[in-house]
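Student: I would like a close look at a single part of this model. Please take it step by step.

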Amino acid sequence: SFLEGRIYNLEQQLRYATLINEEERQNDVVTLGSSIVVQEDGSPEPENYKLVGSAEASPMQGKISNESPLGKVLLGKRVGEQAIVQAPDGDIVFTILEIH
């Protein structure tokens, strides 16, 4: 039954999958598939992320989901803009440095 459930999940993912053409994607605004360099306020080093769908997300590899708190606030932003993530300990402010 575990394998049947896994097969069903994979079929659903394939049924609703959408291909993203890297050549047609805009590089001036954060969209699904964008590689983004951000700097958290108070942090000395910038961070690199790739915005992906939830099935591909792997924070340890720098791939964040468009459904994550950071992913949601980055969508639609441009270089120089700030993205504010509301966290239990207070707001975390990220500035977008680059979009690829």
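Student: Which backbone nitrogen lies 2.9 Å from a polar atom of the side chain of S65?

Tutor: That of E67. The pair is a polar contact (N or O atoms within 3.5 Å, where one must be able to donate a hydrogen and the other to accept it; residues adjacent in sequence count only if both atoms are side-chain atoms). First, the ground rules. This is a predicted model, where local features need pLDDT of at least 70, side-chain atom pairs count only at pLDDT 80 or more, and totals for chains, interfaces and linings use all residues. Residues are numbered from 1 along each chain as its sequence is written, and side-chain values use heavy atoms, without hydrogens and water.

Now S65 itself. S65 sits in strand β3, residues 63-65 (strands are DSSP runs of E, at least two residues; helices are runs of H or I, at least four; both are numbered from the N terminus). S65 has a relative accessible area of 10%, so it is buried (under 20%; exposed is over 50%, partly exposed in between; 1.4 Å probe, protein chains only). Leaving out residues up to four places away in sequence, S65 touches L51, V52, G53, S54, A57 and G71. Contact means heavy atoms within 4.5 Å.

Beyond its neighbours within four places in sequence, L70 contacts Y49, I64, V85 and F94.
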